Amino acid sequence: MNFASATFFGFYIVVTALYWSLSGREVRKWLLLAASYYFYMSWNIGLTSLLVLSTLLDYVVGLVMASPRPGVRKAALATSCVGQLGMLCYFKYGNFFIDSFDSLMRTIGVPVSIPELQILLPVGISFYTFQTLSYTIEVYRGRIAPRKNLLDFALFVAFFPQLVAGPIQRAMHFLPQLQKDHVWSTGRLKTGLARIALGLGKKIVIADSLAGVVDRVYGNPAGYGAGACWVGAVAFAFQLYCDMAAYSDIAIGSARILGYDLQENFNHPFLARTMREFWTRCHISLSSWLRDYLYIFALGGNRKGRFRTYVNLTITMFLGGLWHGAGWTYAVWGLYVGLVLAVEKLLEDRRVAAGGPAVIPPGTGVSGVLMDGVRMARTFLFHSLGLVLFRSQSFGDAMTFYSTMVGFRAPTQAGAFRISILAIMAIIVVTHLLAWVKERTQRDWLATPLVRAAVLTGCVLGALAFARERPDAFIYFQF
Amino acid sequence: MRKTASVFIGVLIGALLTEVGLRVFFHESEATRTYWGRGAFVADAMLGYRHAPSTDAWCAREGCFEPYPVRTNAWGFRDRRDFVKTNPEALRIVVGGASFTFGLGVARDEDLFHVRLERRLSQSGRFPQGVEVYNLSQTGYHIDQVCDIVREELDQLDPDVVVIAVNQYDKFLTPSERISPDFSAGYRLAPDRFLPGRPVDFMRTHAWSWMRVTNSPLLNPPAWWRDHLAFRAWSSARPVLAGIGLGSAPAGGAGAGAAVLEVPASLQSLRDDLRRRNIALVCMIIYRPGDRDGALARLLNNEGYQIVEISSRPNWVLSGDGHWNATGHEEAAALVTTQMEAGGVLPEAPRPRKARP
């Protein structure tokens, strides 16, 4: 059930109408849980058992962690990590490991034949696994109390607006909302609908329109010239952002109408002047999860010396890359991002040692603004170049893409994109510019009734006009 | 008050920007559209638009066919005959359809399908009283409009047989089976129809945003239901329930995939009308690249429609275009004649009619 489809809206309207027509907190929660499982079962009924298993495992682990004995708590945490990550590894990376081992053995001249696992990748497993893990880690750290109400915990894991592609919720943020009596609010309805409209606009008008160009260029990078590949690389950066942000917008808007607030996931990432800042603006729920639970909690963050800090950053992003997909291109993309972050951190440390600021303040005056613009462009360039690895089917394709970008190949094919695609990309540039003006001057043009009405009308009409019978799936569904 | 005015202006600006955006974005895909001379169409309250009566408007399609005049009769059909001066004793066939049977891209009227069909049936010698085939086709129509316009002419023409041309763009098919998303019904209420009339007529024929939005798949209530788990469960359960005598089996074969292919209500309603009048209905499947497994023919057969299937010959088409060329019209007429005769579709003799005063 795609968020950008009529099917989802039919489902959502029925659930919302039923939800607000019922009275009683518990009854509503039961309804939401049933709706969430129904939503998940629309993809695959059988794999719902995995969601149930994941929920029950961490529910029980949470209860066990109520024990005052540190050994028991540690064992419970280990059980949760092994269980959750074990499921994730088996279903998501099982065949990847087998293929990699097979290739390795072939390379060293010892061919082995391990049959591939006949398994499907459960939709959303990467998201709900991380979500439940955040719960057990927080309970282990004593920051939240174990949840005794299984209904609450099950709904925290399976809440349908964010179940299959985030934003990954923190237990501390979401669980308290389950204790509240939600009351109908026209204001929430308006803001929720506006958010859904924005999401639909981003997905259907922008991301899906750019998908055609991206698919063509990445499908045959050797066939196109340098210009087409650069456009393809930029278009993919925009497509990925809009696709992910759209899902988050629709999730946040849908939850908002039901009375729940989900965590924000994007904050105009292309305004970032460094890669570090980029990851505080882009896919915030994932990057903050990686920072809090992998970089700081598991690896020790920056507490173990400067060199370990750089290594930890690299390892964190390497694993973050692998989280995105079971393929070496994802892993190397993560490694690339980690190395860029490590180098940035190294330069920052040197700057601080020389008496400079840790974070460069926003530039003032014309030269300062221009310098900020250059930094943003540089960050975007690093990001887009890295995404070539992310999007390519293989290293060979990625290398072909890079070599075409620098003009080492002559095009054999024309017509990669229509010039009107630039108009689509211009929408993102304009919205980022407006956000930049807001950040620097506190003047929010997008909040004025006129601009807001124009944007929302454009999003709604655009989404309806561009909609296709079979909408493209959200990119992050595959993760 | 000021806020309301701002919101109102904002909505107008948003709508305008959407219109501009659509025209910019889809500009290239419109490059090969069909161009019609001014005055080729008139607005129609029920059908949206139709070909203007008694015109000689030119028509062209870039890269496919050169401009040629399209002549319509006093009723707005591409048929040179006077619909009033009919032969009461002749076998009378009415052809309803869209651009194929209209003869888009075919310049000479004598090359058209209905003329060829009439000639072949006349030459067969089976109907010594004569044969008249009337062409009620209108370019760009989908099946609902085709059925409506045929129904509108039933009293006047009182045919023995109605032949309806159906193809994969009609509502028979699941939207995903359409070849291109540009071929939405909105697109087919084409922007090249220059219509006078009410503002709503202007919008539905000139505003790309209006056309696309009013035909958006997101505003298609049946689609809100089709992909649901409950629908899939229901589709699987229906044949089982029918097997034990509870309810009826789904149309078009078992399974969820087949269940989404259904005969449109407009065609069912036309069939009922024709049955009451004792008029035979034949569905002519003319073009179905999106329907390679013959699901359309199977569905119609299962539902008890008489069909003639002539979709398996794709080589009769205009260069750079999927419509029949003159040979296509001729061969289509030959195939239809053969199949109608072999299938027992044609009556032994025309129904008795009173001569018009």
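How many residue pairs are in polar contact across the interface of chain B and chain A? The rule finds two, both at pLDDT 80 or more; a polar contact here is a pair of N or O atoms within 3.5 Å, where within protein one must be able to donate a hydrogen and the other to accept it, and residues adjacent in sequence count only if both atoms are side-chain atoms. As for salt bridges across that interface, the rule finds zero, with a salt bridge being a side-chain nitrogen of Lys or Arg within 4 Å of a carboxyl oxygen of Asp or Glu.

Before going on, a word about what you're looking at. This is a predicted model, where local features need pLDDT of at least 70 and side-chain atom pairs count only at pLDDT 80 or more, while totals for chains, interfaces and linings use all residues. Residues are numbered from 1 along each chain as its sequence is written, chains are lettered from A and ligands numbered from 1 in the order in which they are written, and side-chain values use heavy atoms, leaving out hydrogens and water.

Back to the interface. Here 37 residues of chain A are in contact with 33 residues of chain B, contact meaning heavy atoms within 4.5 Å. Between them, the two chains bury about 3,100 Å², and 71% of that is on carbon and sulfur atoms; buried area is the accessible area (1.4 Å probe) that two parts lose on being put together, summed over both. In chain B, the residues that lose the most area to chain A are B:Phe25, B:Leu218 and B:Leu229, together 23% of what that side buries.

Which helices of chain B supply at least two residues each to the side that touches chain A? They are α1 (2-25), α7 (208-214), α8 (221-226) and α9 (229-243), and α1(B) gives the largest share, 13 residues. Helices (H or I, at least four residues) and strands (E, at least two) are DSSP runs, numbered from the N terminus.

Now hop over to two loops of chain B. B:Ser54 sits between β3 (48-51) and β4 (56-61), and has a positive phi of about 50 degrees although it isn't a glycine. B:Asp158, in the loop between α4 (143-157) and β8 (161-167), isn't a glycine either, yet has a positive phi of about 45 degrees. Are these two residues exposed or buried? B:Ser54 is exposed, because its relative accessible area is 53%, whereas B:Asp158 is partly exposed at 25%; buried means under 20%, exposed over 50%, and partly exposed in between (1.4 Å probe, protein chains only).
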